[in-house]
Amino acid sequence: MTNVRQYSNLFTCLYDEPAPVGALGRGTHYSVFRSVEWLDVTRRPLALPQVHDFAVIWDEDHDERVIEAVERIYMAGLLSPVQFIGERKGSLTAVVAARFYFIGSEAETEAYRLAIEAITQGLDDAWPAQLGSFDRQPGSPQQSFFEGLINDNDHRVWLYLANIDSLWRLGTRPYSPPAPTLSPPPFPAATHGMMPSAPLFPPAPHVFPPITLPPRS
């Protein structure tokens, strides 16, 4: 198994597509990253940290400058609601969980977008920022919109993002350590020309002959 390329010292790349795959948009492909968060998906403080998996959506030029933008967003405490993020045509789009997008007022949502845009405007090549929403429930299409993330039909974009979410369970969640691997008890090693130090199976019970008593006088 080949090693996955690592783009950042702040979060880990779990899965990486280095080049376009399929025929969605203009060379769409993606990578999945994991960070550690002290804020939940609605940016409320946590008593214990959670893991946060999110996807970077690339277009045909695989512009890695988006990683610097994500790092700055992360260090500003703004990343926890983000499910998908990407740059296309000089604009950054962050698609957040619908639970976060609709939990507050429009003014609060716009203030969050402006906080991200203040970061992207500070890059060497300034980018405007757009904010989209993703709802993994198929019955809530009105709560999913993707702005400029991928240049394609919204239905196809939703299917693509929903498939990524289904594979990787994007978002914040409590950390679950991997279960320990239990090894079977060691089987006694065979020794060449020697009896094992302990029998492999319990010995059969001894059978004694019946006792014959002498005749009584």
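Q: Which residue forms a salt bridge with R173, and how far apart are the closest N and O atoms?
A: This is a predicted model, so take the distances as computed from it. R173 sits in strand β7 (residues 171-174) and its partner in strand β3, so the pair ties together parts that are 120 residues apart in sequence. Both residues are buried. The partner is D53, with the closest N and O atoms 3.2 Å apart.

Q: Which residues do salt bridges that share partners join into one network?
A: The structure holds 11 salt bridges. One of them pairs R173 with D53. Through shared partners, salt bridges build a single network made up of R34, D53 and R173.

Q: How many residues apart are R5 and E64, whose side chains meet in a salt bridge?
A: Their N to O distance is 2.9 Å. R5 lies in the segment before β1 (12-16), while E64 is in the loop between β3 (45-58) and α1 (65-75). That links distant parts of the chain, 59 residues apart.

Q: Are R5 and E64 buried, partly exposed or exposed?
A: Buried would need a relative accessible area under 20%, and exposed one over 50%. R5 comes in at 41%, and E64 at 33%. Both values fall in between, so R5 and E64 count as partly exposed.

Q: What separates E117 and R113 in helix α3?
A: These two form a salt bridge, the closest N and O atoms being 3.2 Å apart. E117 is buried, and R113 is too. Both belong to helix α3 (residues 106-120), and because they are four residues apart there, the separation is about one helical turn.

Q: What span does helix α4 reach from its first C-alpha to its last?
A: Helix α4 covers residues 154-168, which gives it 15 residues. At 1.5 Å a residue, the expected span is 21 Å. The model comes close to that, with α4 reaching 21 Å.

Q: Which elements are included in what covers the buried residues of α4?
A: The buried residues in α4 are V157, W158, Y160, L161, A162, I164 and D165. Strands supply part of their cover. Included are β2 (29-39), β3, β4 (82-88) and β6 (129-134).

Q: Which residue's side-chain oxygen reaches the backbone nitrogen of H155 at the start of α4?
A: The other end of the helix has its own feature: α4 is followed by R169, whose phi is positive, near 50 degrees. At the start, the side-chain oxygen gets to within 2.8 Å of the H155 nitrogen. The residue that supplies that oxygen is N153.

Q: What is the phi of K89, and what is the phi of E147?
A: K89 is in the loop between β4 and β5 (91-97), and it is exposed, at 62% relative accessible area. E147 is in the loop between β6 and α4, and at 45% it counts as partly exposed. Both values are positive: K89 is near 55 degrees and E147 near 50 degrees.

Q: Which element gives the largest share of the lining of the largest pocket?
A: About 230 Å³ of space lies in this pocket. Its lining has 14 residues, with V41, Q83, A97, R136 and L170 nearest the centre. The elements giving two or more residues are α2 (98-101) and β7. With three residues, the largest share comes from β7.

Q: Which residues is V56 in contact with, leaving aside its neighbours within four places in sequence?
A: V56 is in strand β3 and is buried, with a relative accessible area of 1%. Its C-alpha is 8.8 Å from that of E87, a residue 31 positions away in sequence. The contacts of V56 are H29, Y30, S31, F33, V66 and I85.

Q: What pattern does the chain follow, read along the sequence?
A: There are four helices and seven strands. Of the 217 residues, 42% count as buried. Among contacts with a separation of 6 or more, 60% are between residues 24 or more positions apart. The pattern is β-β-β-α-β-β-α-α-β-α-β.

Key: Residues are numbered from 1 along each chain as its sequence is written. This is a predicted model: local features need pLDDT of at least 70, side-chain atom pairs count only at pLDDT 80 or more; totals for chains, interfaces and linings use all residues. Side-chain values use heavy atoms; hydrogens and water are left out. A salt bridge is a side-chain nitrogen of Lys or Arg within 4 Å of a carboxyl oxygen of Asp or Glu. Buried means under 20% relative accessible area, exposed over 50%, partly exposed in between (1.4 Å probe, protein chains only). The expected span of a helix is 1.5 Å times one less than its number of residues. Contact means heavy atoms within 4.5 Å. A polar contact is a pair of N or O atoms within 3.5 Å; within protein, one must be able to donate a hydrogen and the other to accept it, and residues adjacent in sequence count only if both atoms are side-chain atoms. On a 1 Å grid over the protein atoms alone, a cavity is a set of points where a 1.4 Å probe fits but cannot get out, and a pocket is an open set with protein on both sides within 12 Å along at least five of seven lines; lining residues have an atom within 4 Å of a point. Grid points are joined across faces, edges and corners, and a volume is the space filled by probe spheres set on the points.
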